[in-house]
Amino acid sequence: MIAPHPSTPVTPARTARTDRTVRKAVVPAAGLGTRFLPATKATPKEMLPVVDKPAIQYVVEEAAAAGLDDVLMVTGRHKRAIEDHFDHAFELEQALAAKGDTVRLDAVRDPGRLASIHHIRQGAPLGLGHAVLCARRHVGDQPFAVLLGDDLIDPRETLLSRMLDVRDRRLGSVVALLEVPPEQIHLYGCAAVEPTGEEDVVRVTGLVEKPALQDAPSGYAVIGRYVLDPAVFGVLERTPPGRGGEIQLTDALQELATGGTVHGVVFKGLRYDTGDKADYLRTVVQLACERPDLGPEFVAWLKGFVAELDGAHPAHPALPAHRHIAA
């Protein structure tokens, strides 16, 4: 699902480090990626390219842009490529430097410059709640952000910064909410909410993981951004396996919500869902169209291709000769 771009101004991103307490981000990346098999048999789904960067790099860039420069990735077996991507590639860097290819050299070095990045393995696929619990020793007793790799937030948006602001003022935990069509609510955790007096902030009074339409308390879906109070760890420790036999973060947040300590930021900006094949393709096309180095040529070709599909042209629109791919 791709949400519409907002027509109202958004909160500016914060750059100062002295006005907030959240310092760390956790990126769960231990999933098996079964929806993208066979591509993810040997390649982590988080490393699938979105134009020319892996999806997980966009997520780390978002955390860094919000001032979170300590990132813990919770990975699993066969995820070594993620660690390698955010590490130095000495031979490659030396080869590019020798050629004087500074553009590609910077692109190779950029992932490792974004933040101080740490890795821990989940060990067993026991759910998002368990993945978050694996971060307890690294996070300690401080609030922290959780960013899921399937949800890419457009870099022009400041959702995470807004959530950090709400956490600063209201404490507790903060979740990101998106109003979705009724027929899609069963794909998400769903929040029961009540107003707070702020237009884009609600109090979350209850949460249900992937409810049937008739059981959904609202049309607000929880998307993959959280700012969590460390109290969530104690709740997760005693949370039994829920839907799918996994420890659900939604179930732990439900317990915290009954105490009035969970708020939601209603997001109306631009979001890309890369967890579904069709949405992944739409994301790649949309971001490619917006790239100044790719967009003009790609959009021209795309218009011709769509026109052909509509029957307007008898021949397939050709790519420029210098872009033909050898067999």
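Being four residues apart in helix H11, Trp-301 and Phe-305 are separated by about one helical turn, where helices are DSSP runs of H or I with at least four residues, numbered from the N terminus. This is a predicted model, in which local features need pLDDT of at least 70 and side-chain atom pairs count only at pLDDT 80 or more, while totals for chains, interfaces and linings use all residues. Residues are numbered from 1 along each chain as its sequence is written, and side-chain values use heavy atoms, with hydrogens and water left out.

The rings of Trp-301 and Phe-305 have centres 5.2 Å apart and planes at 10 degrees, so this pair is stacked; rings of Phe, Tyr and Trp (its six-membered ring) pair if their centres lie within 6.5 Å, and planes under 30 degrees apart count as stacked. Trp-301 is buried, with a relative accessible area of 19%, whereas Phe-305 is partly exposed at 26% (buried means under 20%, exposed over 50% and partly exposed in between, with a 1.4 Å probe and protein chains only).

Phe-298 also lies in helix H11, which spans residues 295-309, and is three residues, about one turn, from Trp-301. Phe-298 is partly exposed, with a relative accessible area of 25%. A search of the whole structure finds four aromatic pairs. The rings of Phe-298 and Trp-301, with centres 5.9 Å apart and planes at 20 degrees, form a stacked pair.

Terms used: Phe/Tyr/Trp six-rings, centres within 6.5 Å; stacked < 30°, edge-to-face > 60°. Helix = DSSP H or I, 4+ residues; strand = E, 2+ residues; numbered from the N terminus.
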